[in-house]
Amino acid sequence: MSDQESPLATLEEVSRAIWRRVTPPGDVNQGDVLTYIESAVPVMEDICGPIIQREAIYTRDGGRPAIVLPAEFTAVTQLLEDGTASSDFTAAGEERIIYAGTSRRPRIFNEGIRNISATVTIGMETIPSNIRLAARILIAFMWRQDQQATTRPQLGDVDPDNTARTPQGFLVPRRVITLCAGLVTSGDFA
């Protein structure tokens, strides 16, 4: 991946979304645009859940037949029970659950507080085109909001009918939410 690429959007894609051209105008610092691209990731993940593929470590209490993780996962890299690696588990990534044992030989994870540690791969193997489009719309929206002159009173306000807040409070265009409809992780949009 080059300096101008992100799994979510490339500099060229964002330039087309903002200025309708392949590269930013000469007076625009490309590094600034790349910062906006990277800044869109937590906002998009607040809407859709993990997008960028990476490993995450979750620690849970034992003494149960299963642990529930906060996000879907595609693989379990490592599972530790009381600090010891275990392969006696069954993973159900789409349900966000790791079961102790197997369906034929279920068991209970060792008793303890925060003694089960799961290293899992979260994020999307391939980012769908609707998510990539939503990210470009979001980045263009953020850029335009920040580039407005501060001397114009009230002309820079966003239209409340065309924007929504994500669960963590990010202000986004409703089009972004609509494009992410099948992946929205929370119904808490204002």
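## Salt bridges around the chain

Asp-88 has a relative accessible area of 33%, so this residue counts as partly exposed. The model you are looking at is predicted, and it holds 6 salt bridges.

Asp-88 pairs with Arg-107 in one of these salt bridges, their closest N and O atoms being 2.7 Å apart. That pair links distant parts of the chain: Asp-88 sits in the loop between strand E4 (84-85) and strand E5 (89-92), while Arg-107 belongs to the loop between E6 and E7, 19 residues apart.

Arg-107 also forms a salt bridge with Glu-81, where the closest N and O atoms are 2.4 Å apart. Here too, distant parts of the chain are linked, since Glu-81 lies in strand E3 (residues 75-81), 26 residues apart from Arg-107. How accessible are the two partners? Arg-107 is partly exposed at 22% relative accessibility, whereas Glu-81 is buried at 6%.

Another pair is found in helix H1 (residues 11-19), which holds both Arg-16 and Glu-12, 4 residues apart, or about one turn of the helix. Arg-16 is partly exposed, with a relative accessible area of 42%, and Glu-12 is partly exposed as well, at 36%.

| Pair | Distance |
|---|---|
| Arg-16 and Glu-12 | 3.1 Å |
| Arg-107 and Glu-81 | 2.4 Å |
| Asp-88 and Arg-107 | 2.7 Å |

Methods: Residues numbered from 1 in each chain as written. Predicted model: local features only at pLDDT ≥ 70, side-chain atom pairs only at ≥ 80, totals over all residues. Heavy atoms only, no water. Salt bridge = Lys/Arg side-chain N within 4 Å of Asp/Glu carboxyl O. Helix = DSSP H or I, 4+ residues; strand = E, 2+ residues; numbered from the N terminus. Buried < 20%, exposed > 50% of the residue type's maximum accessible area, 1.4 Å probe, protein only.
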